Amino acid sequence: MPQEIMFWEALVRAQDEEMTNDPLVFCMGEDIGVVGGTYKATTGLYDKYGPERVMDTPISENGYTGLGIGASYLGCRPIIEIMSVNFAWLAMDQIFNTAAKAHYMSGGQLKAPVVIRSPGGTAHQLGAQHSARMEKVFMGVAGLRVVTPSNPKQVYGMLKSAVRCDDPVFIYEHELMYNMKGAVPEDEFFHPLEGSEVTRRGKDVTLFAYNISVHWCLQAAEILASQYQIDAEIVDLYTLSPLDRKGIIESVSKTHRALIIEEAEPAVGVGAEVMAIINEECFYELDAAPVRVSAVNVPIPYNHSLEKAAIPNANDVVKAVLKMFGR
Amino acid sequence: MNAKVQASKKLSLEQKKRLLEEMLFARRFEERCYEAYVERKIGGFLHLYSGEEACAHGVIEAANPGSDYVLTSYRDHVHAIKCGVDPKAVMAELYAKVTGCCKGLGGSMHIFGVENRFMGGYALVGGPFPLAAGIAKGIQMKKGKEICICFLGDAANNQGTFHESLNMAKLWNLPVLYVCENNLYGIGTRIDRSTAVVDQYKRVSAYNIPSTQVDGQDVEIVYEAAVEAVEHVRSGKGPYFLELMTYRYRGHSMSDSNAYRPKSEERIWSDRDPIIMLRDRLVEAKEMTIEDYKKMDNQILDQIESEVIKFAEESPEPPLEMLEKYVLVENDPWVKGGRGGVN
Ligand SMILES: Cc1ncc(C[n+]2csc(CCOP(=O)(O)OP(=O)(O)O)c2C)c(N)n1
Ligand SMILES: [Mg+2]
């Protein structure tokens, strides 16, 4: 019987199992030890594994990320929590200049099997410097795997695979999703780090989504079905790098209509990339020009009404679909 | 700008009385923010300054508020007010109203009052260090007499920007005063669990920057140390680092319960409350009575309710058109190649 647990509990379970399995797995991050993590993702691990394997770091993002990468050279498996992606900007040097390139520029001699987890997205009125959506930045750099789980089962299985995978893996989480509940199998399992998943089968239009936007699309699909008799398919692009070309082609070839729903600003984003893939792979399958539903291209304002206006939601998805159908 | 007469090394009686009132106002302001947050009038992250009032007040009092440049972290309301930003505009900002000092776009972590030379609150730990050095560079380029004062927490000193900025500030002899508000914690991590050298002023000596550590709960001591620090920087001798030992009464932010702090430790610090200490001294010196103080407190509470909160409550929200207004500077001719551009 799969058990319903919260997203953060799935993270705790995955890390706990991996730490038990391999003594070289260790966790690092700000306030992850004694406090158990800002979003509780390391609850109980400090007491169980001690300060050498559950390390409270100084506020030195680039420093401890680099340290984790260095340890991974020797076969350690660090799981680095960066409290918020807004702070991951500070670690970009080590993530991009080292983790993403060490294997390549050493001609395959080195591996950097580091896992970096960090929540992004716009939460509730956290303001311009705490509302970044950075998935587009990470997915644009070769040498890094980027996954963005949309439910507890995915994050559990992906974190476990990421720990064992020899590549650096960035897990893009969402600040609003840690208390989201979902079924996770009781038996240990490993989720692929490549691919996509059809979350809802439909025949009229494909909604490509990832992470939190999967949930907006689920709501939108209900409205479209019940009020407008439009049967939407939802494809969860849980891997942003590499994007699942095959999954994209399959769904577009079936529905002939595509929308991409992203939380970030449109420029150079997931939507742009998926559209390019559609163009390259299955342009003649289309019955309508693909559409992206994205954030307004602004830093996120503090005011709640303006903040809501900046970020897409289920209604925006419904409206965009209706427009595509000329309704 | 309103250059003050050279600050004397000791606070005058008049200054002490005014500082008592200002610090009490700051305390009541912050505690009212707490209530407003619980009532969901304020959103986002809210970091309160209660307990640390003597730091901002003692230091900025020793400088020229409104003329010298000040910047800090997300724990920024009180610094802004002490620089002269209207408390009504600060509260309205927290209420996300268009009358707020940043028109409701910034929020608690991003108070700005550039007219009063309060150059902002920043949410990324360590971000302001180099900005302060840069403002000091600007002062130097413009041959100004001002200085720049950068307030940051203890845990921020573990960012690379701390060391990078100290090095540049010393190298280029920049007029910047770094003030470390050492409240012993960075969120839930006690300083000795994150920092190899616990005394922050010692870390600075490697850069040949003069530094001192003083009691940050006693506004008179803070002021005296700050007068020296400010004089040093203003006289062209380059940067200075002032470490103030202090304590925040509340959690790191509203989502933090302080569970990691022993109650005995909290008591030691609350027994040395900056406001009560100054009040008791003035009472003992027969410069005021407890009744005077209570009256002052009631007036402040009344002012916060009938002016500050009222203003924030009654102000309108920003219009939807504002969403895209300040992304880039409006009507800059150079984006079209200047007024005589090819187009
Ligand atoms: C670059 C960055 N990393 C992490 C955080 C999360 N964070 C916010 S405040 C804080 C602690 C800062 O402590 P300190 O500098 O001592 O200031 P205090 O809050 O105690 O005044 C942390 C870790 C952040 N805002 N920015
Ligand atoms: Mg601190």
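Author: The account below treats the ligand site, then turns to the domains of one of the chains beside it. The model is a predicted one.

Ligand 1 is situated between chains A and B. Its shell comprises 22 residues, and the closest are A:Glu61 together with B:Tyr74, B:Arg75, B:Ala123 and B:Asp154. By residue class, the shell around ligand 1 consists of 12 nonpolar, six polar and four charged residues.

Several side chains of chain B approach oxygen atoms of the ligand. For B:Arg75, a side-chain N or O atom lies 2.8 Å from an oxygen atom of ligand 1. The corresponding distance is 2.9 Å for the side chain of B:Asp154, and it is 3.4 Å for that of B:His252. Ligand 1 exposes 580 Å² when taken alone, and the protein buries 97% of this area.

Chain A, one of the two chains between which the ligand lies, is divided into domain 1, covering 3–184, and domain 2, covering 197–324. The centres of these two domains of chain A, taken over C-alpha atoms, are 26 Å apart. Domain 1 of chain A contributes 28 residues to the contact, and domain 2 of chain A contributes 31 residues. Between them the two domains bury about 2300 Å², with 54% of that area on carbon and sulfur atoms.

Polar interactions also cross this domain interface in chain A: 20 residue pairs are in polar contact, and two salt bridges are found. A salt bridge also links A:Glu265 with A:Lys136, whose closest N and O atoms are 3.6 Å apart.

Conventions
Residues numbered from 1 in each chain as written. Chains lettered and ligands numbered in written order. Predicted model: local features only at pLDDT ≥ 70, side-chain atom pairs only at ≥ 80, totals over all residues. Heavy atoms only, no water. Near = heavy atom within 4 Å. Polar contact = N/O pair within 3.5 Å; in protein donor to acceptor, adjacent residues only side chain to side chain. Areas by Shrake-Rupley, 256 points an atom, 1.4 Å probe, with all protein chains shown as cover. Nonpolar A, V, L, I, M, F, W, Y, C, P; charged D, E, K, R; others polar. Domains from an automatic or database assignment. Contact = heavy atoms within 4.5 Å. Buried area = accessible area lost by both parts, 1.4 Å probe. Salt bridge = Lys/Arg side-chain N within 4 Å of Asp/Glu carboxyl O.
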